[in-house]
Amino acid sequence: MVDFEESIDKISNLVYDDSNDTETSNGGEGMNAKDMLLAALRETKTTQAEAATKVGWMPQQLSQRIVRNSIRADDFLSLLEAIGIEVTLTVRDTGNPVRVYVKGAGRRVKAMVDRVTYDTAASNAISNNFYADGVNEYTDGKAMELYIDKEGRYFFAEYSNWEGGKDRISPVSAAEAAAFIEKYGTELDKKPKTDE
């Protein structure tokens, strides 16, 4: 994990150093997610295509979002994390970190497995296979959403839409989590677009 003070120093440089790019705002004035992301890519020597691939997007998706300046906060943080930039929000008076959980697309599931309580409401959603076929929310009555808890444990919330079927939690390894992300990407809202 990256040292907190080192991360703040890097972010300060990204926000306030416009010496290499005349389009980046000076002093953070008028800075937006696009400016910060471009500065972070430059600082980490990462191309837009590489960053997109690391979060399971096509390079065109990232490029379009940068051009439109329409990167959601959770996607922005995921991109920074993927390229090696750590952002931590801290309450100034207490020094306590602010925990902002990335809400998943599925309903809340909470269960104890091997004496560990897993809760989707207190964990970050990473990926899911809802609408895997592009049309149906569930495949054969089931769908899965990958989460990571504050302890760094990965788990699936497994959803069932069968009558009498129950949702459940299944802990998984980092390798299994990576394979799932590789297959399904990190876009959480996959509802098919309807023609109106």
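Visitor: Which residue takes a positive phi in the hairpin of β4 and β5?

Guide: This is a predicted model. In that hairpin, Gly152 has a positive phi near 85°. Five residues sit between the two strands.

Visitor: In which sense do β4 and β5 pair, and over how many bridges?

Guide: Strand β4, residues 142-148, pairs with β5 in the antiparallel sense. Seven bridges join them. Take Tyr147: its bridge partner in β5 is Phe155.

Visitor: Which strand do five bridges join to β5?

Guide: Strand β6, residues 168-172, which runs antiparallel to β5. Here Glu158 has Arg168 in β6 as its bridge partner.

Visitor: Is β5 largely enclosed or open?

Guide: First, the general idea. Side chains in a regular strand alternate between the two faces of the sheet. Now the case. Strand β5 spans residues 154-160, and six of its seven residues are buried, so the rest of the structure largely encloses it.

Visitor: Now helices. Which residues of α4 are buried?

Guide: Leu62, Arg65 and Ile66, in a helix covering residues 59-68. Viewed down the axis of α4, the buried residues fall within an arc of 100°, so they line one face. Their cover includes α2, α3 and α5. The face turned away carries exposed Val67 and Arg68. Just after α4, Asn69 takes a positive phi of about 55°.

Visitor: Which residues make the nonpolar surface patch?

Guide: Leu77, Val87, Leu89, Val91 and Val98, over about 370 Å². Leu89 lies in the loop between α5 and β1. Leu89 counts as partly exposed because its relative accessibility is 47%.

Definitions and conventions: Residues are numbered from 1 along each chain as its sequence is written. This is a predicted model: local features need pLDDT of at least 70, side-chain atom pairs count only at pLDDT 80 or more; totals for chains, interfaces and linings use all residues. Side-chain values use heavy atoms; hydrogens and water are left out. Patches are made of residues with over 30% relative accessible area and no salt bridge: like charges are joined within 9 Å, nonpolar side chains (Val, Leu, Ile, Met, Phe, Trp, Tyr) within 5 Å. Accessible areas come from the Shrake-Rupley method with a 1.4 Å probe; for residues, only the protein chains shown count as cover. A salt bridge is a side-chain nitrogen of Lys or Arg within 4 Å of a carboxyl oxygen of Asp or Glu. Helices (H or I, at least four residues) and strands (E, at least two) are DSSP runs, numbered from the N terminus. Buried means under 20% relative accessible area, exposed over 50%, partly exposed in between (1.4 Å probe, protein chains only). Two strands pair if DSSP finds at least two bridges between them. The arc is that of the directions from the helix axis to the C-beta atoms. Contact means heavy atoms within 4.5 Å.
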